[in-house]
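Subject: Structure handover

Hi,

Here is the structure I promised to pass on. Please open it and keep it on screen while you read. My notes follow below.

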Amino acid sequence: MSKSFSQNLKSIFCIKSPAISRTISASPFSSSPVSSNLPAAILNAKTLTQAMQLFNSASKKLDPIKDLTLHSAIIHYLTRARLYLDARCLIKCLIENLSKTSNPRKVCSLIFDALGKIDSGFSSNVFGVLIIALSEMGFVDDAYWVYKKMGELPSLPACNALLDGFVKMGKFEFVWGIYRTMLTLGLCPSIVTYGVLIDACCLKGEILKAKLLYDEMAEKGIKPNVVIYTTLIRGLCSEDKILEAESMFMKMREVGVKPNLYTYNTLMDGYGKMADAGRAFQLYQEMTNHGILPNVVTFGILIDMLCKVGEVIAARNFFACMVKFGVRPNLFVYNCLIDGCCNSYDVSTALEMHSEMEKLGISLDVVTYGTLIKGHCTVGQVDEAERLLQKIDKTGVVANSVVYNQLINRYCEDRNMEKALALCSQMIEKGVQPDVVTFSILIDGFCKVGNVEAAMGVYTEMIIKDLKPDVVAYTALIDGHFKKGSMTAALRLHKEMMEVGVVPNTFTFTCLVDGFLKNGMINDAIKFFLKVTSSGSAGVKVDSNNGVLSFPNNVTYSALIHGLCKDGQYFKANKFFVDLRRNNLYPDLPTYAMMIKRHFEAGHITSVMMLKADMLKTGFMPNLCMYKVLLKGYQDMVDLNSTYKCYEELIDSGLVGSTASLMQSLQDHVNNSTLSTSLLT
């Protein structure tokens with residue numbers, strides 16, 4: 001069929017056509033029969049033009065929708081003529097118009113019955129066209145109803161459409177059921193079938209199964225296309241199998257399948273999730289060198305990645321580059337940039353982006369507002385955050401719990417629990433229910449102000465609402481009870497936490513160790529520490545590049561070292577300090593000062609020198625307290641040269657003028673020592 005004729009058919013079937021619109025819109029429950037000669041005449045027409053003339057003529061005189069016979073006849077004719085797209089267009093028009101007065105299943109039943117009344121010898125293909133039309137319109141369950149009512153297997157394209165529909169709905173059990181039926185009845189899967197099945201596997205995280213299907217294609221001599229390779233790469237990236245994704249990318253090029261824009265974007269997104277900017281930009285350059293122009297998705301991936309790794313300036317440069325390629329930024333791109341600016345404490349630039357969005361007519365969503373509120377809260381601009389929250393109501397955007405939690409968290413950080421509770425009440429009045437994060441913020445806030453009773457009240461309310469406390473809530477409560485001296489309650493909460501399956505994090509374990517120490521239970525702290533670290537119950541150590549701390553960390557070690565030193569257990573303290581450095585963790589200055597002081601007292605001058613060198617190597621410069629420890633130690637050991645050098649370092653550091661009292665105490669100590677004459681001349 002010629003292109004012009006196809007366009008003519010589309011215009012005939014379009015709802016805008018008065019004749020078709022009138023006939024389709026008529027009541028489906030009318031009873032006047034359509035002349036039996038007309039459907040037969042349409043089916044027996046020698047040419048498509050003749051069939052369409054009969055259909056159009058009848059549509060002007062009668063209401064063929066009364067029993068859908070005329071529509072059924074022309075759909076059968078179009079299907080027999082292999083004009084499947086046009087047949088599908090007509091069915092979709094029928095469905096859209098009949099759905100105005102009937103539910104989808106009733107409409108489906110009407111059309112199915114009408115199509116079944118005509119025997120053109122192509123009924124199976126006709127029902128297949130109906131299945132495809134329903135699937136494409138999202139009526140997948142109705143398409144499946146037709147599939148079951150047919151009594152035979154529809155054509156492969158119809159099966160593929162049904163499979164794809166169920167994949168989009170996430171009903172994977174139906175996908176494999178239909179596929180098994182296809183194989184049982186001898187219907188061979190095509191490249192489209194495999195593409196849909198591999199997509200289903202990747203969406204469900206069954207990468208091994210997807211790769212088996214890929215291998216099965218090769219065995220059957222079916223060559224995967226760019227869609228299948230891209231789907232596999234996406235699945236591998238979503239499972240963090242980036243090396244396998246790269247291997248698949250290389251393999252597709254080796255077999256002559258050229259990656260398209262979607263392939264490049266998929267792999268770039270994989271690199272972005274790993275924060276691997278280097279490889280992402282290499283891929284971007286390779287893509288542009290091959291003449292493939294980036295789209296808004298490409299820029300969104302790169303800008304989002306750069307903002308998350310703190311390279312906001314580079315992200316803004318890429319944003320400017322979008323203009324060069326004629327790509328218009330969308331809401332996602334702006335949200336990424338605003339988030340990057342807010343995380344870099346550059347709220348003014350974030351607000352400029354906000355103004356630019358409004359000028360371009362890009363409507364702000366709840367993510368935009370939530371990010372800006374977070375930015376204001378981060379830099380302490382609480383009044384601006386409050387005004388922005390009030391503005392949300394006027395714009396019609398519905399604030400969610402994430403937005404409210406940002407401001408509630410800020411109030412809690414400012415120890416303003418009254419305002420935090422007031423805002424919590426306000427969000428409930430607005431119909432937004434507090435979530436686990438909201439309750440955890442409030443619990444943590446009350447514990448930090450020492451009101452453990454109120455924190456437990458929030459905890460109880462959380463349980464009543466059938467919300468499961470998270471690790472933040474449990475850790476805050478454990479820490480709060482320890483600080484209050486309620487060790488039994490703290491340990492009970494830890495036990496409960498483990499029993500309900502909440503995995504402790506590094507802060508939980510550090511709170512427990514610190515709690516034992518502050519309650520004078522040093523040996524219990526050490527036993528707990530050794531039990532956790534030896535059993536591995538803290539879980540797998542997470543790479544610090546991902547921003548997640550592992551247990552034990554420097555805070556835990558420092559707490560143990562200080563506790564042991566105060567208890568006079570210097571040997572054990574030194575052992576833990578050695579373990580700390582062996583694990584590539586860095587003590588803070590107070591810990592270095594504590595250990596240096598103890599080595600001075602023990603007369604271990606070599607250990608003092610090694611600790612000081614290690615401190616400088618790790619990037620820590622001595623502060624006034626450290627110099628005081630060093631000077632006192634050298635003086636007590638009557639080490640003239642070291643004392644003089646340390647004193648000179650203190651003078652050169654510029655710290656002397658900041659506190660006269662320290663210098664006075666140092667001078668008093670020197671005057672009382674045997675070094676007084678030498679040091680003060």
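This is a predicted model. I looked at two places in it.

Start with the pocket. The largest pocket has a volume of about 300 Å³. Which residues line the largest pocket? They are Asp-444, Cys-447, Lys-448, Val-472, Thr-475, Ala-476, Asp-479, Gly-480, Lys-483, Asn-505, Phe-507 and Cys-511. H28 gives the most, with six residues. By class, the lining has five nonpolar, three polar and four charged residues.

Now go to the helix pair. Find H16, residues 261-273, and H17, residues 277-289. Their axes come within 9 Å. They cross at roughly 165 degrees. Angles over 145 degrees count as roughly antiparallel, so H16 is roughly antiparallel to H17. The crossing of H16 and H17 is left-handed.

Which residues make the contact? From H16, they are Leu-261, Tyr-264, Leu-267, Met-268 and Tyr-271. From H17, they are Arg-279, Ala-280, Leu-283, Tyr-284, Glu-286 and Met-287. How do the residues of this contact divide by class? Nine are nonpolar, none is polar and two are charged.

Begin with the lining of the largest pocket, where H28 gives the most residues. Then turn to the contact of H16 with H17, including Leu-267 of H16 and Leu-283 of H17.

Best wishes

Key:
Residues are numbered from 1 along each chain as its sequence is written. This is a predicted model: local features need pLDDT of at least 70, side-chain atom pairs count only at pLDDT 80 or more; totals for chains, interfaces and linings use all residues. Side-chain values use heavy atoms; hydrogens and water are left out. Axes are lines fitted to C-alpha atoms, for helices over the stretch in contact, and angles run from 0 to 180 degrees between N-to-C directions. Helices (H or I, at least four residues) and strands (E, at least two) are DSSP runs, numbered from the N terminus. Angles under 35 degrees count as roughly parallel, over 145 as roughly antiparallel, 65 to 115 as roughly perpendicular and the rest as oblique. A crossing is left-handed if the near helix is turned anticlockwise from the far one by less than a right angle, and right-handed if clockwise. Contact means heavy atoms within 4.5 Å. Ala, Val, Leu, Ile, Met, Phe, Trp, Tyr, Cys and Pro count as nonpolar, Asp, Glu, Lys and Arg as charged, and the others, Gly among them, as polar. On a 1 Å grid over the protein atoms alone, a cavity is a set of points where a 1.4 Å probe fits but cannot get out, and a pocket is an open set with protein on both sides within 12 Å along at least five of seven lines; lining residues have an atom within 4 Å of a point. Grid points are joined across faces, edges and corners, and a volume is the space filled by probe spheres set on the points.
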